[in-house]
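Let's walk through a few side-chain pairings and the packing around them, one question at a time. Have the structure open as you read.

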Amino acid sequence: MGSAVLALSLVPAAHPGAAAPVQATWIGIGPDGGEITALAIDPRTTTTLYAGTRGGGVFRTTDGGRTWRADNVGMRDAVVTVDRDWSVTALAIDPRTPATVYAAAEGHGLFKSTDGGSAWGTSGLESQVTALAIAPSATNILYAGTSRNGVYRSTDGGQTWRS
């Protein structure tokens with residue numbers, strides 16, 4: 001069964017003679033493609049979101065969650081041939097160039113897209129990545145936290161890495 005991103009909707013409740021308290025309501029907005037394991041929001045276009053899933057790869061919405069599309073070209077081919085039960089463990093979007101997106105695939109290293117997630121290529125880091133961060137002042141500097149080997153650093157946009 002798939003999981004979904006949830007959106008919080010604040011709805012005033014009607015109470016005669018009193019200020020209307022706010023009642024929180026959560027609604028599912030998708031995607032239906034597996035358990036969601038990572039989320040990233042485009043810093044310039046906040047209606048563009050990426051959801052990493054267990055078993056379904058990366059999904060993208062450009063309309064704030066109304067519709068979702070699986071974006072796994074290149075990544076899925078590299079991962080599924082080895083492991084059918086794979087998971088995206090971390091996502092990061094370049095704050096200066098949001099078309100550059102990074103996705104960590106469990107047990108398969110780090111992937112990079114320069115076209116907003118339409119196509120993916122490997123980045124050269126093959127460790128078990130569990131967290132990603134991009135330096136806001138110099139987006140060619142990336143940090144990747146791993147489950148076994150500590151933190152790696154790249155100063156060339158993910159082409160090479162040092163522990």
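Q: In this predicted model, how far apart are the closest N and O atoms of the salt bridge between D71 and R60?
A: D71 lies in the loop between β6 and α1 while R60 is in strand β5, so the pair ties together parts that are 11 residues apart in sequence. Both D71 and R60 are buried. Their closest N and O atoms are separated by 2.7 Å.

Q: Is D71 buried or exposed?
A: D71 also meets the side chain of R69 in a salt bridge, at 2.9 Å from N to O. R69 has 44% relative accessibility and counts as partly exposed. For D71 the relative accessibility is 4%, and buried means under 20%, so D71 counts as buried.

Q: Which strands stand at the edges of the open sheet?
A: Four strands make up this sheet in the order β7-β8-β9-β10, with antiparallel pairing. An edge strand here has a single partner, so one side of it is left without a neighbour in the sheet. The edge strands are β7 and β10.

How values were computed:
Residues numbered from 1 in each chain as written. Predicted model: local features only at pLDDT ≥ 70, side-chain atom pairs only at ≥ 80, totals over all residues. Heavy atoms only, no water. Pairing = 2+ DSSP bridges. Helix = DSSP H or I, 4+ residues; strand = E, 2+ residues; numbered from the N terminus. Salt bridge = Lys/Arg side-chain N within 4 Å of Asp/Glu carboxyl O. Buried < 20%, exposed > 50% of the residue type's maximum accessible area, 1.4 Å probe, protein only.
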